[in-house]
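Here's a quick tour of a protein model, with a helix to start and some ring-shaped side chains to follow. Take a look at it first, then read on.

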Amino acid sequence: MSAFFLFGVIFIAVVAMVIAISKYNVHPFIAMVVIAIAVGLVCGIDTVKVINTVKSGFGNILANIGIVILCGTIIGTILEKTGAALTMDNTILKIVGQKRSVLTMGAMGYVTGIPVFCDSGFVVLSPISRALAAQSNTSLAVMATALSGGLYATHYLVPPTPGPIAMAGTLGADLGLTILVGLIVSIPAVAVAILYAVKVSSKVDIPANSQYTMEELIAKYGKLPGALHSFSPILLPIILICIASVASLPAAPFGKGFAYMFLNFIGNPVVALMLGVFLAMTLIPLSERCNTLTWVSQGVRDSAAILAITGAGGSFGAILSLLPIADATTGLLATGLGVIIPFVIAMILKLAMGASTVAMITTASMMAPVIESMGYSSPLGRVFVVMAIGAGSMVASHANDSYFWVVSQFSDMKANEAYRCQTGMTATMGITVIVILYVASMFLV
């Protein structure tokens with residue numbers, strides 16, 4: 001099978017996927033599964049093997065991360081419904097201060113974007129954004145850009161957000177190390193977003209038109225859970241997963257006995273996130289306990305599409321793994337582009353489809369068969385590829401991205417203003433992250 005033929009098939013497959021999803025509104029799950037089968041058949045793989053590979057690829061990826069995605073989504077839903085997300089943001093406000101309101105919004109987004117989807121996070125926090133904009137006499141465009149940047153950074157780079165979890169599972173990246181690196185890399189991304197908000201978005205004058213002050217907004221929610229209680233469903237799983245990763249280091253800092261086995265058990269992502277779910281459920285006040293099943297069910301429903309797309313991405317990746325991609329890409333991988341390759345692929349897919357999670361999962365599926373040939377098969381190397389894909393997927397937020405319109409609607413921006421603030425900001429963030437990753441990979445991978 002020639003390299004030209006192989007790349008031609010993959011290129012046509014990706015184009016067909018983009019057209020089916022963006023133009024004909026075919027669900028990504030259907031598009032990816034059908035195209036995975038088509039690629040296998042066109043490349044001459046036995047029909048029975050094609051179907052079995054599609055099924056095993058779907059099942060294997062969900063076996064690894066399906067429960068984790070479900071738990072992460074449930075935690076985010078409960079934090080939103082109980083007002084714990086507002087408590088978290090108010091805590092950050094007290095620490096950073098209203099005088100540094102732009103920094104406060106970026107920090108709020110950074111924390112909230114870990115458990116809560118971008119769209120939901122922006123809707124929940126937009127009243128705070130308006131209130132702070134009114135108090136500080138700052139354009140709402142500045143606050144919205146800083147908030148959006150914070151949400152974007154951790155949503156694309158830090159598990160337990162579904163996209164990074166799916167990429168880590170597909171590429172075999174250690175989840176604890178992925179969380180740690182994601183949290184670190186997200187900081188300069190948020191810093192760039194805040195700087196962009198101050199320097200560029202400030203030229204777009206949008207009045208706050210706030211209905212509430214911060215105090216009135218908090219009072220409107222009634223009695224909110226405490227700060228430590230609100231943060232705990234996020235912090236506990238992250239701490240447990242990171243400790244398990246440390247315990248598994250070659251140096252064996254906790255030995256190989258009971259402590260090692262116990263830490264690896266409670267630090268397993270499935271166990272850690274399940275503990276996070278139970279901890280989140282304790283946030284639900286007695287008066288709302290009747291809604292527990294409803295809220296958990298909403299989290300399950302919200303994760304269903306992500307699970308379907310993730311499984312389909314596993315099917316597509318499993319078919320690609322049967323093809324001699326590594327041999328065909330030897331010349332390309334020898335160029336020294338490294339993490340720039342997955343970054344560009346993810347950027348193109350996001351630009352064309354507007355679906356960030358689909359772009360992340362599809363790119364991860366394409367990179368999985370060649371990650372060793374790239375020289376990124378080490379634990380840190382795999383995490384760097386995850387980060388590069390996340391950075392590429394955040395670059396092109398424009399009119400075909402639902403989040404673009406959420407930001408526009410809830411911050412009173414016209415389309416041209418949203419392009420200037422949102423699209424310019426995400427492009428700057430993504431480029432910043434990939435530059436950091438590329439330089440770091442030269443020394444660390």
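A residue is called buried when its relative accessible area is under 20%. Keep in mind that this is a predicted model.

**A helix on the inside**
- The buried residues of α18 are Ser356, Thr357, Val358, Ala359, Met360, Ile361, Thr362, Thr363, Ala364, Ser365, Met366 and Met367.
- That makes 12 of the 12 residues buried, so α18 is largely enclosed by the rest of the structure.
- Helix α18 covers residues 356-367, and at 1.5 Å a residue its 12 residues should span 16 Å. The C-alpha atoms at its ends are 16 Å apart, which agrees.

**Rings that pair up**
- You'll find 5 aromatic pairs in the structure.
- Tyrosine 152 and tyrosine 156 make a tilted pair, 4.5 Å centre to centre with 35° between the planes.
- Both tyrosine 152 and tyrosine 156 lie in helix α7 (residues 140-157), 4 residues apart, or about one turn of the helix.
- Tyrosine 152 counts as buried because its relative accessibility is 0%, and tyrosine 156 counts as buried at 3%.
- Phenylalanine 258 and phenylalanine 262 form a stacked pair, with 6.0 Å between centres and 15° between the planes.
- Phenylalanine 258 and phenylalanine 262 both lie in helix α12 (residues 258-266), 4 residues apart.
- Phenylalanine 258 counts as exposed at 66% relative accessibility, while phenylalanine 262 is partly exposed at 40%.

**A cluster and a charge**
- Phe404, Trp405 and Tyr419 form one aromatic cluster.
- Lysine 256 has its charged end over the ring of tyrosine 260, 4.5 Å from the ring's centre.

Technical notes. Residues numbered from 1 in each chain as written. Predicted model: local features only at pLDDT ≥ 70, side-chain atom pairs only at ≥ 80, totals over all residues. Heavy atoms only, no water. Helix = DSSP H or I, 4+ residues; strand = E, 2+ residues; numbered from the N terminus. Expected span 1.5 Å × (residues − 1). Buried < 20%, exposed > 50% of the residue type's maximum accessible area, 1.4 Å probe, protein only. Phe/Tyr/Trp six-rings, centres within 6.5 Å; stacked < 30°, edge-to-face > 60°. Lys NZ or Arg CZ within 6 Å of the ring centre and 35° of its normal.
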